Amino acid sequence: MKKEILKLRDFKVYFPVKAGVFNRTVGHVMAVDGVDLDIYRGEVLGLAGESGCGKTTLGKAILRLVEPTNGKVTYVSKENDETELTSLEKKDMDPFRKKLQIVFQDPHSSLNPSFTIFGSLQDPLKKFGVNSKEERRKIIGDLLEAVNMRREYMDRYPHEFSGGQRQRIGIVRALCLDPELIVCDEAVSALDVSIQAQVLQLLMQLKKDNNLTYLFITHDLSVTEYLCDRIAVMYLGRIVELCDSEDLYKNTLHPYSEALISAIPVADLDKKTKRIVLEGDVPSPVNPPKGCPFHPRCPKAKDICKTEVPTLKKYSTNGNEHYASCHLIDLPEISK
Amino acid sequence: MAQTSLDKKFDQIRKREEEKTFSVKKRSRIVSKFLNNRLAVVGLIIFTIIILASLFAPLLSPYDPMRVDLRSMRQAPSFDHWFGTDSTGRDVFTRVLFGGRVSIFIGLGSAILSAVVGIAVGCYAGYKGGWIDVIALRVSEIFMSFPQIILVLLLVSITGQSLFNLMAIFILTGWGGMYRLARARMLSLREEEYVQALRSFGLSTFTICYKHMLPNALSPIMVNITLSTAMFILTEAGLSFLGLGVPLNIPTWGNILNVAQDILVLQNYWWMWGPVGIVISVFVLCVNFIGDGLRDSTDPSQQG
Ligand SMILES: Nc1ncnc2c1ncn2[C@@H]1O[C@H](COP(=O)(O)OP(=O)(O)OP(=O)(O)O)[C@@H](O)[C@H]1O
Ligand SMILES: [Mg+2]
């Protein structure tokens, strides 16, 4: 039985666009524009989409590193207690900050150059009640070993490490308070391909050992297929398709996902796929197009797409739930 | 697990590499780069000599800088009086040494204190942003756009001349620059991912901005402290020359220079103002060399 760990409802993050001498707000970047999403305990949920579609913003806003503009985030504990995070005061967030953590994209800015690894990791531990220094050293040392690094590395400075090592230290930091959900924001995309595989494997091992849930943000759909249980495809701040990862590749419903998948390089020469090239750029999130936000670039667009905004509807493929928002799907809709 | 054993092998190779290539630590790289800069090293040496000489002035000179000796007025430099004596028979060399104490104290003290104020405000406002930042920015603009000379005249006429009034004025007009520097650094640092990570743990604003971020903003601030030390020493000399700085009875470099206002002294008794003028220029030059050296050696974009 699947149990939620996090529920997002009508989640929006808008950034004001300021201009002029008086810094007046002239518009909004709708970075995340109405996302409904359930993340289940123990799953790996992929979040894919082009650059600038709002993936990072969504991840940060869940942790309230960016304040959401609207909507609810509800955390469901192991004992099924629900807490609405968005309505909490900042200081009441603390018990939940332990449970939700993030691994960042850029290994070069993710560690503080002025502190040793231990120096920069010990303050969070102190804050959450690990008072003796020996204990803090032990926790960090154990975690370093868990990511295949040596305990002694905790007394080194970040510039002494390679990119892959830094990324593993970033993972140690996310793990140090024993979290339940980790947002991996393109955690491997800055790394060399050979190191990527190592870090991915490590992440999966850690997930098994610590009963973690991942929200795995990526722009590379070729990685997600093997890692993720489900995948959400995002376009201009909205989720356009959400389904089991196998179904996304086999029974693609949304033309945007189709285009993304067709862009994955295939090793098999016999298997020719026609690559769908998307025309034009991603529209500006300040003035998203009327109707379906994807219609100006959609190869299949019809008249209805220019006027009516499609909603995320539930279908069934392969006996699994499959959500998509497109007017042109001819499967029967399943009512909730 | 094939991958992990491979991984361990990678680690071993990397470890060996690190032990060789990274044996020079980051700090010592900055030091060695600084030491490679000849001007900066010469500057540092002369700077140190002048400071030590001022500190140990009583040991270096048998004279009292304040004692008037009417039997030896306006004597040219000699073995007894290296820089000669002034119009009241005081030994000029002794006065330059003792004057250095006050002048350097004013310069360095004002620079450090205005840095402390500027950093305290700039770090917090730059990191927090919002209305605190807007207010701090406007206040600093007001202070910076106010002409220093007028502020000095105003305050001197209200509170009278004193060393601490002068320093207060220097700090009031000087913190704005430091504030802007600290704020600008903070604005770029706060987007760094390690800061975001600290925030995701809910650490307090104070811990994040003063403990974790400030060390990464310090090097341009250090450079600025040296440069504004030089500037404050010059300003003190200028103001004291005009009779607006430190009260005349306290020997400072500017006050010693003050005698050159008299056209007679200027024409006939070069030793009363010449040597002290040279000391001021040399000292300021040295401080600037040190500042340039610091800037070049701490600038990460200038490698090698
Ligand atoms: N602090 C901010 N202020 C204003 N606009 C922002 C801010 N952060 C992000 N944005 C805008 O929000 C949109 C989404 O950005 P986001 O970083 O979430 O994209 P992303 O999907 O993570 O892209 P990438 O794959 O390049 O990381 C972009 O248009 C970006 O310009
Ligand atoms: Mg991103």
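Good morning. I begin with one contact: B:Lys211 and A:Asp123 form a salt bridge, with the closest N and O atoms 2.9 Å apart. Please keep in mind that this is a predicted model. That salt bridge is the one that the rule finds across the interface of chain A and chain B.

Which elements of chain A supply at least two residues each to the side that touches chain B? They are α2 (94–97), β6 (100–103), α3 (117–127), α5 (163–175) and α6 (193–210). The most comes from α3(A), with five residues. By residue class, the side of chain A that touches chain B divides into 16 nonpolar, 15 polar and twelve charged residues.

Now the totals. In contact are 43 residues of chain A and 29 residues of chain B. The size of an interface is often given as the accessible area lost when the parts come together. Here, chain A and chain B bury about 3,400 Å² between them, and 49% of this is on carbon and sulfur atoms. The rule also finds eleven residue pairs in polar contact across the interface, with both residues at pLDDT 80 or more.

I turn to the sheet of chain A. Eight strands form an open sheet with mixed pairing, and their order is β6-β7-β8-β3-β9-β10-β12-β11. Its edge strands are β6 and β11 (313–317), each of which pairs on one side only. On average, neighbouring strands of this sheet are turned by 20° against each other, direction ignored.

Another helix, α1(A), residues 55–62, lies across β3, β6, β7, β8 and β9 of chain A and runs at about 150° to β8(A).

Strand β1(A), residues 4–19, and strand β4(A), residues 70–76, run antiparallel and are joined by five bridges; A:Lys7 stands opposite A:Thr74 in β4(A). Strand β4(A) is also joined to β5(A), residues 82–84, by three bridges, again antiparallel. There, A:Val76 has A:Glu82 in β5(A) as its bridge partner. Which residue takes a positive phi in the hairpin of β4(A) and β5(A)? It is A:Asn80, with phi near 70°, in a hairpin that has five residues between the strands. Thank you.

Notes. Residues numbered from 1 in each chain as written. Chains lettered and ligands numbered in written order. Predicted model: local features only at pLDDT ≥ 70, side-chain atom pairs only at ≥ 80, totals over all residues. Heavy atoms only, no water. Contact = heavy atoms within 4.5 Å. Buried area = accessible area lost by both parts, 1.4 Å probe. Salt bridge = Lys/Arg side-chain N within 4 Å of Asp/Glu carboxyl O. Polar contact = N/O pair within 3.5 Å; in protein donor to acceptor, adjacent residues only side chain to side chain. Helix = DSSP H or I, 4+ residues; strand = E, 2+ residues; numbered from the N terminus. Nonpolar A, V, L, I, M, F, W, Y, C, P; charged D, E, K, R; others polar. Pairing = 2+ DSSP bridges. Axes fitted to C-alpha atoms, helices over the stretch in contact; angles between N-to-C directions.
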